[in-house]
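Open the structure in your viewer and keep the selection tool at hand. We will go from stop to stop, and each stop tells you what to select.

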Amino acid sequence: MSTAHPHHAPAPPPYPALPRRKLKVATCSLAGCFGCHMSFLDIDERILQLIEHVEFDRSPLTDLKEVGRCDLGLIEGGLCNAENVEVLRDFRRQCHTLVAVGACAITGGLPAQRNAMSLPHILGEVYQQREGLKTGCAIPNDPELPLLLRQVRPLHEVVQIDYFLPGCPPSADSFWVFLTDLIAGRTPRLASGPIRYD
Amino acid sequence: MTDSATSSSPFPLETAAHPERLRRVAIDPVSRVEGHGKVTLLLDEDNRVQQARLHIVEFRGFEAFIVGRPYWEVPVMVQRLCGICPVSHHLAASKALDRVLGVTQLTPSAEKMRRLMQYGQILQSHALHFFHLSSPDLLFGFDSDVRQRHIVGVIEAHPDIAKKGVLLRKFGQEVVRATSGKRIHGTGSVPGGINRHLSPADHRLLRGDAAQMVQWSLDAVHLTAQLHAAEPALYNRFAAFDSNFLSLVRPDDGAMDLYDGRLRCIDPTGQRLVNDVDDQRYLDLIEEEARSWSYMKFPYLRTLGREAGWYRVGPLARVQTCDIIPTPLAEAERQRFLAWGAGRQVGGSLAYHWARMIEVLHCAEIIQTLLEDPDLREGEMMAPLLPPGERPGEGVGIIEAPRGTLIHHYRVGEDDLVTHCNLIVSTTHNNQAMNEAVRAVARDDFDGRDITEGLLNHIEVAIRAYDPCLSCATHALGQMPLEVSLVNADGSLRDQVLRAPGGTLQRPSLAG
């Protein structure tokens, strides 16, 4: 330990604070319920700290319609239609690190309950055979509607995923630990506490 | 592609006469709403709007895969319909299954704990919607810089407003956690009752903050009222139209009740079209139509038909269908709101925000009052259940979710497995209204003008006012054969679908 002699010590070199670049983050919801985004917002007033280090690109919270080059992409929800697949591939191309967030992204989640059923059967039941439905309704079919996949799929079956954040939804604390570790340049490590698998 | 079901549409601008000659502009995805939706406009060579549609492209099939599950799983499963208002589905399913099991009267503890959960949930969802999603449009202007038009922009420009919004939402989420064990997708309500009381620690925590939340809610109401006062012409004109309004009201006095009640629908003059009808009879009142271009159905009153029978739900409907809000501060603010209409229906879409904040205030007042009730901390949790064979086996649960009237309907066999599930979610009731709002803006703001990002945002502002729950987006697919291949991470083919000309789907076999 050195002792300080202020009168003799050389003046410290000028050490301007480096302009710290904010981490660019995109988020997206595919076939999910938006609960993971809600749980992320459950960091509550910690969001005031977070936005000093993070800038949002395409996200349901912003009006950017296309994803740009990003450090981090967080995706909730599984793949249930062709559009989901397109959006996911776009995110993979643009995001340095891609995170599958929550049960639907990791396993297909509850929407994957339909995997055991035939799609025409489900569509017919919901749009043609319901009580309280006007007679003569057809199953929706329009070029503006994306093609449904036969089964709901998890993200890692289609693109490389870098991290998995489990839970339905993951806890706010797990988002917090994950993001603050990344911001600090550490490999994110979640203790068993904030992790949940429900 | 022509469609006989929609080309006969009675709704102006829903279907263009010759879509093939028109230029397509899409807003895709609609942002700052729950999930994804898409708007398409078809414009002629003079930039006049000939067709405008809000497409809901979500299909997850919950109604189909709930069938076959044990009934007690349902209140937990259906929460996954929505992560913003999971409690609404949790409670609507619980209420329907109470009926299935023959329970018409909950214990006082169960009814009050569920109410506390519900009012906490509406408070948090409304705060989220106003502060996190919609306030950038209202505080910065519809055409403001897209780089500022989000919650981070609000935090930077109006830190006091944003922070109160964040903390109001936090309080609502804490009420949900304290009553259900988890902020999102909790488990507090079960068919026939509840499974926990309010702990002493949570009681102290919530009681300590309640008065502050009432004050901040009042501030939020005043903020929305000031926005109206500052630009009355805009707030009266923008996406404004007459409609019928539907909500639950309390049976004895027609008061606002967000947990339970009877169905009431009023017309634009305030006259009752549906006069406080038992919620179990919803199928007598409401019919739905499927249209080719949206996975979301279009409901309307059977007696009036699809053309005249559509209606709006949610905050704007509730503050005008009820006879009174049964808490003093919110009722005083409701009277100021009604005075704005000067005896006429307040029909502008932006008035949803004002009505929504009046409901936030009402929720804060109800929560503050409920927290004084000892039944939350002790007492019987479950009502007695009838054995299989004696129970009705069928039930309807209707609740006022943040976005409006939410209907769950189940049948359960004697083996405890669900045999039938029908859901009419809040945003579905507003489907026609949101399309009308899109067309009103297209008609009033767009015709003949250059399409800019800011101008397109006007349409989104109108949709956002309804706080829609949408999901899953799409790009333009075009009216052409289309092939989609789903490839594994290792490059091998997993699935493939083709859209043939004419729209039929084919699936080549994945031999080998």
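Select B:Gly254: does this residue count as buried or exposed? Its relative accessibility is 2%, and buried means under 20%, so B:Gly254 counts as buried. Keep in mind that this is a predicted model.

**Stop 1: around B:Gly254**

Stay on B:Gly254. This glycine sits in the loop between strand 6 (244-249) and strand 7 (262-266) of chain B.

**Stop 2: two helices in chain B**

Select residues 86-100 and 108-140 of chain B, which are helix 4 and helix 5. Their axes come within 9 Å and cross at roughly 150°. Angles over 145 degrees count as roughly antiparallel, so helix 4 and helix 5 of chain B are roughly antiparallel to each other. Their crossing is left-handed. Now colour the residues that make the contact. On helix 4 of chain B, they are B:Pro86, B:Val87, B:Ser88, B:His90, B:Leu91, B:Ser94, B:Lys95 and B:Asp98. Helix 5 of chain B brings B:Arg114, B:Met117, B:Gln118 and B:Gln121. By class, this contact has four nonpolar, five polar and three charged residues.

**Stop 3: another helix pair**

Move to helix 13 (residues 328-341) and helix 14 (residues 351-370) of chain B. Their axes are 8 Å apart, and the packing angle is about 165°. That makes helix 13 of chain B roughly antiparallel to helix 14 of chain B. Here, too, look at the handedness: helix 13 of chain B passes helix 14 of chain B in a left-handed crossing. Select the contact residues of helix 13 of chain B, among them B:Leu329, B:Phe337 and B:Trp340. Then take helix 14 of chain B, where the contact residues include B:Trp354, B:Ile358 and B:Leu361. Which classes make up this contact? It has ten nonpolar, one polar and four charged residues.

**Stop 4**

Pick B:Ala342, in the loop between helix 13 and helix 14 of chain B. B:Ala342 has a positive phi of about 50°, although it is not a glycine. With a relative accessible area of 65%, B:Ala342 is exposed.

**Stop 5: a loop between two strands**

Go to the loop between strand 1 (23-27) and strand 2 (38-43) of chain B, and find B:Pro29 there. A cis peptide bond joins B:Asp28 and B:Pro29, with omega at about -5°. In this loop between strand 1 and strand 2 of chain B, select B:Arg32 as well. B:Arg32 is not a glycine, yet has a positive phi of about 50°. Its relative accessible area is 0%, so B:Arg32 is buried.

**Stop 6: over to chain A**

Hide chain B and look at chain A. How many helices and strands are there in chain A? Count six helices and seven strands. From the N terminus on, they run β-α-α-β-β-β-α-β-α-α-β-β-α. Chain A has 198 residues, and 57% of them count as buried.

Finish at A:Pro169, in the loop between strand 7 (163-165) and helix 6 (172-183) of chain A. A cis peptide bond joins A:Cys168 and A:Pro169, with omega at about -5°.

Notes:
Residues numbered from 1 in each chain as written. Chains lettered and ligands numbered in written order. Predicted model: local features only at pLDDT ≥ 70, side-chain atom pairs only at ≥ 80, totals over all residues. Heavy atoms only, no water. Helix = DSSP H or I, 4+ residues; strand = E, 2+ residues; numbered from the N terminus. Buried < 20%, exposed > 50% of the residue type's maximum accessible area, 1.4 Å probe, protein only. Axes fitted to C-alpha atoms, helices over the stretch in contact; angles between N-to-C directions. Parallel < 35°, antiparallel > 145°, perpendicular 65-115°, else oblique. Left-handed = near helix turned anticlockwise from the far one by under 90°. Contact = heavy atoms within 4.5 Å. Nonpolar A, V, L, I, M, F, W, Y, C, P; charged D, E, K, R; others polar.
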